[in-house]
Amino acid sequence: MTNSLSPAVNYSAIAARYALAEQDVAQLALNLKSVEQEIIRSCEKSGRLPNEVTLIAVTKYVHAPVIAALYDLGVRDVGESRPQNLALRRCEVEALFPSTTSGSTRDEGTLADLKWHLIGHLQRNKAELAVSKADAIHSCDSERLLTRLDQLLSATPRPLPLFLEINISGEVSKHGFTPDEARAWWRAQAVERPAGCMAQSHLPVGLMTMAPIDASPAELVQIFSGLKDLKIELEAMSSEHRLPWLSMGMSGDFPIAIECGATHVRVGSRLYQGLSNRCFLNDTPPA
């Protein structure tokens, strides 16, 4: 996890740079620090190191200047739910950093290390856009989508981490493989490898799941531990391919997810509490 804040952070300079209110930048920094401290506490409780957890700031709620401010505060991973929105937001944020195109330098960086994660449902007809613009895809939820991604990745040298989406909770409204479907697909692709299977280099490197919004702490532990158990089971099937990453946990449940083994947590609303309406798309704070 990036150590985002330091006493040297100049909130007024960040506010002026992106035409934000200084109190909004200060509140954003405070929220970020609170989330990071919770990540640290959860890691301590589970005997893990904070650098084992990647904080993905879900940015679908906020205007591009807020994303740029998050970058200046130390955030290096952001998440969007739709590939077309990811492409647009990426372009908007890069436009706020002239050095990304002009070759000039600036103290705050050039966005070269800002990673864009696609965290929402991906339709096959949007897969090409996702492959060209995303730095990781967390929502590989069907065999047909994975086949299409394999085709696209075979035509480009660009590495793209993929996460297999698992519907651990069994909710009808959620996308993803059931655990049994994941076992069968993984056995075919990573173990038996019949003709036409995915390239080894394109196989997922992690698993992702979402818990029900109203799940109890005990249910959350069951769901998140279930994903970790499935990861261990799948890895045991293949000596050649590992699944080191677990993407699970959002604003309301990420501490429990970390204690259960999450390596990537997707946090949105917790980062934006108390910001003025001008920071949000459609002037509407996230619920």
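1. Helices (H or I, at least four residues) and strands (E, at least two) are DSSP runs, numbered from the N terminus. The model under review is predicted, so local features need pLDDT of at least 70 and side-chain atom pairs count only at pLDDT 80 or more, while totals for chains, interfaces and linings use all residues. Residues are numbered from 1 along each chain as its sequence is written, and side-chain values use heavy atoms, with hydrogens and water left out.

2. Ala 19 is found in the loop between α1 (11-18) and α2 (22-45). Its phi is positive, about 55 degrees, although Ala 19 is not a glycine. Ala 19 is exposed, with a relative accessible area of 73% (buried means under 20% relative accessible area, exposed over 50%, and partly exposed in between, with a 1.4 Å probe and protein chains only). Arg 193, in the loop between α8 and β6, is another residue other than glycine with a positive phi, near 50 degrees. Arg 193 counts as partly exposed, at 27% relative accessibility. Both angles deserve a remark because most residues other than glycine have a negative phi.

3. Strand β1 and its partners. Four of the five residues of strand β1 (residues 54-58) are buried, so the strand is mostly covered. With strand β8 (residues 264-267), β1 pairs in the parallel sense over four bridges; two strands pair if DSSP finds at least two bridges between them. In this pairing Ile 56 stands opposite Arg 266 in β8. Strand β2 (residues 77-80) also runs parallel to β1, joined to β1 by two bridges, and Val 58 has Gly 79 in β2 as its bridge partner. The chain passes from β1 through helix α3 (residues 64-72) to β2 in a right-handed β-α-β crossover. A crossover is right-handed if, with the strands pointing away from the viewer, the path from the first strand over the helix to the second runs clockwise.

4. Cover of β8. Which residues of β8 lie on each side, and are they buried or exposed? His 264 and Arg 266 are on one side and Val 265 and Val 267 on the other; all are buried, and both faces of the strand are covered.

5. Strand β5 and its partners. From strand β5 (residues 162-165), Leu 162 and Leu 164 point one way and Phe 163 and Glu 165 the other way, and all are buried. Strand β4 (residues 136-140) runs parallel to β5 and is joined to β5 by two bridges, with Leu 162 in β5 as the bridge partner of Ile 137. β5 also pairs with strand β6 (residues 206-208), in the parallel sense and over three bridges. There, Phe 163 stands opposite Gly 206.

6. A right-handed β-α-β unit is formed by β4, helix α7 (residues 143-153) and β5. A right-handed β-α-β unit is likewise made by β5, helix α8 (residues 179-192) and β6.

7. Gly 206. This glycine, in strand β6, counts as buried at 0% relative accessibility. Gly 206 and Leu 88 are 118 residues apart in sequence, and their C-alpha atoms are 26 Å apart in space.

8. The largest pocket. Its volume is about 800 Å³. The pocket has 29 lining residues, of which Lys 60, Tyr 61, Met 210, Ile 213 and Met 250 are the closest to its centre. By class, the lining divides into 13 nonpolar, nine polar and seven charged residues. On a 1 Å grid over the protein atoms alone, a pocket is an open set of points where a 1.4 Å probe fits, with protein on both sides within 12 Å along at least five of seven lines, and lining residues have an atom within 4 Å of a point. Grid points are joined across faces, edges and corners, and a volume is the space filled by probe spheres set on the points. Ala, Val, Leu, Ile, Met, Phe, Trp, Tyr, Cys and Pro count as nonpolar, Asp, Glu, Lys and Arg as charged, and the others, Gly among them, as polar.

9. Cysteines. Zero disulfides are found in a search of the whole structure, a disulfide being a pair of cysteine sulfur atoms within 2.5 Å. Cys 260 counts as buried at 10% relative accessibility, as does Cys 279 at 1%.
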